[in-house]
Amino acid sequence: MESPGPTSLLPFRGRLHDARTATSIGRWLGLAVVVCFVTGLVSHVLQHPPHPVADALPTRPVWGYRFTQGLHVASGTAAVPLLLAKLWAVYPRLFAWPPVRSVAHAWERVSVAVLVGGAVFELFSGLLNIVQWYPWPFAFVPVHYAVGWLLVGALLLHLAVKWPEIRAHWGRRSAGTVRLPAADEPDRRSLLAGVAAAAGAVTLATAGQSFTPLRRLDLLAPRHPDHGALGVPVNRTAAAAGVASVREGDWRLTVDGPVPYELSLAELGGWPQHEARLPIACVEGWSVSAHWSGVRIRDLLERAGAPPGARVRVVSLERRGAYRVTELGRSYARDPLTLLALRLNGHVLSPDHGYPARIIAPNRPGVLQTKWVSRLEVL
Ligand SMILES: Nc1nc2c(c(=O)[nH]1)N[C@H]1C(S)=C(S)[C@@H](COP(=O)(O)O)O[C@H]1N2
Ligand SMILES: [Mo]
């Protein structure tokens, strides 16, 4: 047997575990990771805006978050089969001997450990979040976000270290110059076609949760755009949120500001009602467009004597829960499409959709579209 060079995989007898396979799968996986990271950043900024931009978040296009978050979950889902295939292609390197050849090599192995660990963690935690299963003691959002940076850092390092190999195997013709068995090429093509088919299949079977034209194919996603009262899925029901059914006469909207006031539901219904076609776009990837009507937030603020650049705190009837209090920055608060919605798709809100009143705003993560609103506070 030919004596293996330091980076050679030859001592391992299995075929196709070579740099060419790793590069071919790696570029698709890399693309998925980059798309996932960028769209994840968008989601982070919209959900937890840093102070300087909190009042200037873009409210157009109204479907912006629907698009980026759909892409976030779709690229993460497609990355699962790609990551498995990539790990299969490179796993013999785990057993390369000697395990550490130099200080530089030791660092490379550390970076690969971070890369693999980070990628597995991000995809696994993201998938479990989509099905709302949290079998871990930490908060999902901050950890998923922090590990995303770690992963991208390790990926950049990996690309830099592997650049010569990546370049040698990137194009079609370069195969000849790096002396890989030519007989492997048809099998490699079959393998890559299989991996592409797997990634395509999981994407097609889930994309319908946010891309409604594909909803008939939505077989694997936990939410279906057609399931739910009034044609809109429900992420957290009133029962799950511990919100008792609200009796019309008991509910009051309190608006706190320079000129505080209260409104009954009947009084609110007497205000000018505005309509908007806006999506609910959940961070978990599902989204649907819906027809809403209700009172403009900016009208309610004006009556409270709020200055034009005011922000608002929105408080729900919900007693506990991370999403019972949210804030509308200035750009949302003054947007004519931001409503305290009373109706959805032509009907009074259902209890699960936030009866009697909820927030709906353009280009806003679903998690911030607060249901069961009882109070607005001018900030
Ligand atoms: N008060 C309150 N509002 C809430 C939530 C919540 O748990 N509590 N969940 C949010 C989430 S995560 C989403 S995606 C949307 C879903 O709205 P829907 O159930 O009407 O589709 O409501 C949001 N509003
Ligand atoms: Mo959500």
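This is a predicted model: local features need pLDDT of at least 70, side-chain atom pairs count only at pLDDT 80 or more; totals for chains, interfaces and linings use all residues.
Modeller: Local features here need pLDDT of at least 70 and side-chain atom pairs count only at pLDDT 80 or more, while totals for chains, interfaces and linings use all residues. Residues are numbered from 1 along each chain as its sequence is written, and side-chain values use heavy atoms, with hydrogens and water left out.

Biologist: What is the geometry of the pair formed by Phe37 and Trp149?

Modeller: Rings of Phe, Tyr and Trp (its six-membered ring) pair if their centres lie within 6.5 Å; planes under 30 degrees apart count as stacked, over 60 as edge-to-face and the rest as tilted. By this rule there are 10 aromatic pairs. The centres of Phe37 and Trp149 are 5.0 Å apart and their planes stand at 85 degrees, so the pair is edge-to-face.

Biologist: Is Phe37 buried or exposed?

Modeller: Buried means under 20% relative accessible area, exposed over 50%, and partly exposed in between (1.4 Å probe, protein chains only). Trp149, at 43%, counts as partly exposed. The relative accessible area of Phe37 is 17%, so Phe37 is buried.

Biologist: Which strands stand at the edges of the sheet?

Modeller: Strands (E, at least two residues) are DSSP runs, numbered from the N terminus, and two of them pair if DSSP finds at least two bridges between them. Five strands form an open sheet of mixed pairing, in the order E2-E1-E10-E5-E6. One side of each edge strand is left without a neighbour in the sheet because each has a single partner strand; these are E2 (261–264) and E6 (325–328).

How values were computed: Chains are lettered from A and ligands numbered from 1 in the order in which they are written. Helices (H or I, at least four residues) and strands (E, at least two) are DSSP runs, numbered from the N terminus.
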